[in-house]
Amino acid sequence: MVKVESQNSVGSISRGANRDDLRQSNLSNLLRLVYRNQTISRSDLTTMTGLNRSTISDLVGELVALKLVTEKESAQAGRVGRPSSNVSIAENIFAITVVPRYHSTLVAAVSMSGQVAARVRMTTPIHPSPEEVCDAVEEGLERIRKQLKKSDRIVGVSVAISGQVDVRNNSIRICSFLKWTEVPFGNLLGERLGLPVQIDNDGSIACLAESTFGAGRGFSDIIYLFGGTGGIGGGLVIDEKLVRGYRGYAGELGHIRITDSKAVDSLGLSGTLEALVNREQLCEALGLDDPEDEELAQAILGATSQRARRIIEKKIDVLAVALANLVNIFNPQVILLSGFLQPLFQANDYSLLSKMRQGAVAGSREHVQIRTAELGSKILDIGGAQLVFQELLNNPAGN
């Protein structure tokens, strides 16, 4: 049985100013429902949109003609009458996702059906320049194209950045670990690839992915914390909407201050969560050099040396204080931990939860859940693809 995501999570069918506007709005919302559920029956589409069956039939037919969905009849055992028809998202439409790292760049192709069809890791110099990252992406895309079918279609590129991103100008304001400041990277990469490019903060991208397809699905108020190579980022979903703030910089949860420690984070702020809980310190304590997330997680969970265990426990304590502060401020339904924060929680969940509760006020802490993210190392691929597909979902007919 297909689990159907309701229309409430994608917005109601709007009543456009004229017939064409209304049709385009209905077409967009129908495609969003199919995308969110991946496969959904026509009867469910009729129920959730409130549109009549003939209108649904016409809209689905148009989406099939646009090669955005496929349709197949599915006989239901024991049911008399005409077989039901299931509508599925097309599997041959792809987004290219890019994640620059300290001395490598990850490039992947992700379909609208959520499948990572190809993924390559391109080595770059340490602290690569924007041009060097463009070189890596260009070569990575060439390799990926060879793995895709001729009928596959690439519709755009997303870039996940650990830093401040001006989403309005598609540029990077500050990316400390790459040592970039005020870089119009969207334009640079777009000119190289001949494809539309969108840039966003990695925490926002990951939050988008988990709230739609991962552990946050079904929750309206979410705090997401992501620990990665660039530090600790995050995202906020309040009343089912991703919070961006006045200029798009909301979600810098790693910079919340914890103590009066002189240790500074990537932006030079002292005593913050990011300053006290960082990936490099964990890697050094565990004897690892730029490991993949899975390798680091295994090392944290399997740590045996007294020094490593002491450092891990100290970071769990700091994380608990940060979570208590976030619970007090936002009163979320769920907090999702991802990246290297996930194995920290798993290493001693009892300690983290008990210390978080000690610092949180009763009303806010009573119903909050702490969960680990579900999408793993592919989270930025899945979230970045969502970013790319938004334009297609907003305007399926390309008008």
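Modeller: Angles between elements here run from 0 to 180 degrees between N-to-C directions, with axes fitted to C-alpha atoms. The model is predicted.

Colleague: At about what angle to S11 does helix H6 run?

Modeller: Helix H6 (residues 202-213) runs at about 95 degrees to S11, lying across that strand and strand S7 (153-161). Helix H14 (residues 379-394) also packs on the sheet, where S4, S5, S6, S7 and S11 are touched by this helix. The direction of H14 makes about 130 degrees with that of S4.

Colleague: What is the strand order in that open sheet?

Modeller: The order is S6-S5-S4-S7-S11, five strands with mixed pairing. S6 and strand S11 (197-201) are the edges; each has a single partner strand, so one side of each lacks a neighbour in the sheet. From one strand to the next the twist averages 20 degrees.

Colleague: How many bridges join S5 to S6?

Modeller: Seven, between antiparallel strands S5 (residues 104-111) and S6 (residues 116-123). Ala108 is opposite Arg119 in S6. Four residues lie between the strands of this hairpin, and Gly114 has a positive phi near 85 degrees. S5 is also joined antiparallel to strand S4 (residues 93-100) by seven bridges, with Ser111 as the partner of Phe94.

Colleague: Which residues touch the most other members of the largest nonpolar core?

Modeller: In soluble globular proteins, nonpolar side chains tend to be buried together. In this model the largest such core has 42 residues, and those touching the most other members are Leu225, Leu273, Leu323, Leu337, Leu341, Leu344 and Met356. Helix H10 (residues 306-330) supplies the largest share, 12 residues. Another core, of 32 residues, lies apart from it and includes Val157 and Leu178.

Key: Residues numbered from 1 in each chain as written. Predicted model: local features only at pLDDT ≥ 70, side-chain atom pairs only at ≥ 80, totals over all residues. Heavy atoms only, no water. Pairing = 2+ DSSP bridges. Helix = DSSP H or I, 4+ residues; strand = E, 2+ residues; numbered from the N terminus. Core = buried A, V, L, I, M, F, W, Y, C linked by side-chain atoms within 4.5 Å. Buried < 20%, exposed > 50% of the residue type's maximum accessible area, 1.4 Å probe, protein only. Contact = heavy atoms within 4.5 Å.
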